[in-house]
Amino acid sequence: MLRLLMSICLFVILSVQISSQWNTMHSEIRTDFYTIDFVNKNVGYIGGESKIARTTNGGRYWSTVSSLRGWDILSLKFADQNNGVAVGQRYYVGPGFIVKTTDSGFSWYNAYSGNTTAVNDIFQIGTEGWAVSENGNVFKASPFMGSWQSVLSLPSNLNSVFFINDSIGWTVGWGDLFKTTDGGNNWFEQQTGIDKMCYDIYFQDENRGWIASRNEVLRSTDGGAVWESIPLNSNVLSRTKFVNDTLGFITGIGKIFKTTDGGNNWRMISIPGCSRITDIKFLDEQTGFLVGIFNSLFKTNDGGDTWNSFNLGEYNNLNDIHLADPTHGVAVGENGTILRFVGDLWVSGDSPTMKRLNSVNTLDLSTAIAVGDSGVIIKSTNLYRSWVKKNSGVTVNLNSINFVNYFNGWIVGDKGTLLRSTDSGNSWNPSNTGRSNNLNTIEFINASSGWIGGNDGLILRTTDDGQSWSIHYLNEFSNILKLHFFDSNIGLALSSGGKIHRTENGGSTWTTIYNHPYYEFWDFDFLTSTQGFLCGQNGSVYITNDRGFSWNSSSTPPYLNLHTIFAIENNLIVTAGENGIIQYIEIGENVPVELISFSADVSGTGVALTWSTATEINNHMFVIERKNENKEFRMVGYREGKGTTTDINKYTYLDKDVEKGKYYYRLKQIDYDGSFEYSKEIEIEVKTANNFSLKQNYPNPFNPTTSIEYTVPSSEYVTLKVYDILGNEVAELVNEQKQAGTYEVNFNAGNLSSGLYIYKIQAGTHSQVRKMLLLK
């Protein structure tokens, strides 16, 4: 937590704190997907709520390559498998963005430096690119991967843009349609004949075009001059795509519409388990994908007649986890799943296999090796991002990997398999164990001394660097799942049936010291010589402080099966398992933190805020809040924090949305765990007023009442209406002549259901639209 202190001489040193509660680092959450694009038949990308995912095998497996907190990726286009541009909006009602990647979506950089509202769509032809935003801005980039510029602003909230070549294109918004014939530099209006939300525009050629709206699709055969309506039974029709001249698709809510005669007739196809569909992409006449809200990801192999659901790979079951330090690590699991931990997020690595991965070992902050079924060995040397296969020389399942140091490592597997590497895992050679049992775990405490555990209670021990192995057994014939040795004599074995066994003579004889009556356990690890952690069935986590003789429950929701647990550097215990769940307990010492200044000045275009920090820890962001006299604070913007740092950092923010009057500002500093603190308030007076404006409602999200403030620069007839996401009018708040000034109106949504709503003001020739979120 960043303590907000105002004296440069004063700082806070927090004492060591131990968390007794498990926190979730990664889990399966409801994610809305908004856009999908394919570079070729193998490489494709999905954008959505705080997430960008990629496939490299034609959609059989999808992995998250970027987790962008608070960013809604509304549309994306890739020029090739490395270079792409994404657009969208931050934090539901926050500012819009245009960002680009040059490394297949793993990292993103600003491509547009100006301010904008939500950027809703992007389109690319060759080296040219266009994008449109909620406030009517049209953006252009040439080349596509270069800097983006705002070309002009159109009098509409724009949802979609489409070009048939580098000169001719269209864009649509709330019943408005505009066309360009000079590459987007100038636009002229065309009439749609409707006054409601238009979600998408698509042209097959210079003449044949389609607009997706509400309960109908519009068709033009003359380049958009005249449109005819074709009714379709869906409240929202979000996307139109044609595969060829005759085969086309329109997406709706839980259904799609298919035509095989160029759009003269449309057949409805229901998609069970899918709610609102947001985008569709076909690779050929048979193979296609669609995405939507609530984790909706579907694929068809028969031209759209039937669809099968997919999950992102990061939500597969995880089998093992290994950390190089508290901020770098890897987890592996079913279907080749790889999750990498770099900084404070778990995101997918680029896996070259669909085989189950059973064990992983990090060698340093960049290098790791994983093993799995059918003899799979894979290695990464670039922060666990991309992985390559290594030759194992076997086809049996490989179950456990252990490196004694950076160069020397061991792997055990089924049918007595034992492999050794002396070159950091680049090559592997077989070693003879003399046994045919399946071997499940291997543990070395130094270069010479190691143990192997297998089925039927088998224990193998070496004291000569693996040159020879002596044979021992547990005190019962159960399968050994994990071994842990404190020294060359004292060790523990975890076996099937929830049992823990202890040896005091290097594994020659064993005694059962713990037997849980109900739960199966799969892994354990020790933080110190006395304190250990055990994980297993139904989210069960147990803690010992006496080397395993007694265990106390520390189980935590959501009670999913936990397959692996790892302790590191006396401060972090991480466990992972079913559905991609990763949880942790952290024992750590915070560092001194300090805010050393916070000031405000009136500039020519607004109020300029400046603040500086001397130190920060786990600082996610600063939210800037403002209030007028006798009113409540409301959010006006934010700045990303620096995480944890001891460097001095300076922040600035320009609040342009101000009128004449006295204002108060404060900072809300938010940690990554959601905890927050406020700074002191500062006061500033603005003596000149700006022009027409519609401000963000406050509070937002709200339940059930909120207030909306607007300003008109001259006497105008004003209407202020509220619509649901389908475009239905649900409330009329203002409908009268208003003199120049600033007004505030209250909106009570007590009779409405939770969801996203749109409010629109019309004052003479001025109009503006904003979003608000009702949460009950």
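Trainee: Let's start with tryptophan 130: buried or exposed?

Mentor: Tryptophan 130 is buried, with a relative accessible area of 0%. Keep in mind that this is a predicted model.

Trainee: And phenylalanine 163, buried or exposed?

Mentor: Phenylalanine 163 is buried too, at a relative accessible area of 1%.

Trainee: How do I read aromatic pairs, and how many does the structure hold?

Mentor: A pair of aromatic rings is described by the distance of the centres and the angle of the planes. This structure has 41 such pairs. In one of them, tryptophan 130 and phenylalanine 163 are stacked, with 3.6 Å from centre to centre and 10° between the planes.

Trainee: Where in the chain do tryptophan 130 and phenylalanine 163 sit?

Mentor: In distant parts: tryptophan 130 belongs to strand β12 (residues 128-133) and phenylalanine 163 to strand β15 (residues 160-163), so the pair links positions 33 residues apart.

Trainee: What geometry do phenylalanine 144 and tryptophan 148 show?

Mentor: That pair is edge-to-face, with centres 5.9 Å apart and planes at 75°. Phenylalanine 144 counts as buried at 3% relative accessibility, and tryptophan 148 is buried at 1%.

Trainee: Which residues form an aromatic cluster?

Mentor: Take a look at Phe123, Phe162, Tyr202, Trp210, Phe242 and Trp266, which form one cluster.

Trainee: On to salt bridges. What's the general idea, and how many does a search of the whole structure find?

Mentor: Side chains of opposite charge can pair when their charged atoms come close. The search turns up 24 salt bridges. One of them joins aspartate 465 to arginine 420, with the closest N and O atoms 2.8 Å apart. Aspartate 465 is in the loop between β45 (458-462) and β46 (470-473), while arginine 420 is in strand β41 (residues 418-421), so the bridge ties together parts 45 residues apart in sequence. Aspartate 465 counts as partly exposed at 25% relative accessibility, whereas arginine 420 counts as buried at 15%.

Trainee: What does lysine 482 pair with?

Mentor: Aspartate 523, with the closest N and O atoms at 2.9 Å. Lysine 482 is in strand β47 (residues 480-485) and aspartate 523 in strand β51 (residues 521-526), so this pair ties together parts 41 residues apart in sequence. Aspartate 523 is buried, at a relative accessible area of 5%.

Trainee: And how far apart are the closest N and O atoms of glutamate 729 and lysine 721?

Mentor: Those are 3.8 Å apart, in a salt bridge. Glutamate 729 is partly exposed at 44%, and lysine 721 counts as partly exposed at 21%.

Trainee: Which residues are linked in a network of salt bridges?

Mentor: Asp200, Arg239, Lys241 and Asp279 are linked that way.

Trainee: Last one, arginine 214. Where is it, and which side chain of opposite charge is nearest?

Mentor: Arginine 214 is in the loop between β20 (209-212) and β21 (216-220). It is buried yet has no salt bridge, and the nearest oppositely charged side chain, aspartate 724, is 5.7 Å away. The arginine 214 side chain does reach the backbone oxygen of leucine 726, at 3.0 Å. Setting aside residues up to four places away in sequence, arginine 214 touches Lys196, Met197, Tyr199, Ser234, Asn235, Leu726 and Asn728.

Key
Residues numbered from 1 in each chain as written. Predicted model: local features only at pLDDT ≥ 70, side-chain atom pairs only at ≥ 80, totals over all residues. Heavy atoms only, no water. Helix = DSSP H or I, 4+ residues; strand = E, 2+ residues; numbered from the N terminus. Buried < 20%, exposed > 50% of the residue type's maximum accessible area, 1.4 Å probe, protein only. Lys, Arg positive; Asp, Glu negative; His and termini not counted. Salt bridge = Lys/Arg side-chain N within 4 Å of Asp/Glu carboxyl O. Polar contact = N/O pair within 3.5 Å; in protein donor to acceptor, adjacent residues only side chain to side chain. Contact = heavy atoms within 4.5 Å. Phe/Tyr/Trp six-rings, centres within 6.5 Å; stacked < 30°, edge-to-face > 60°.
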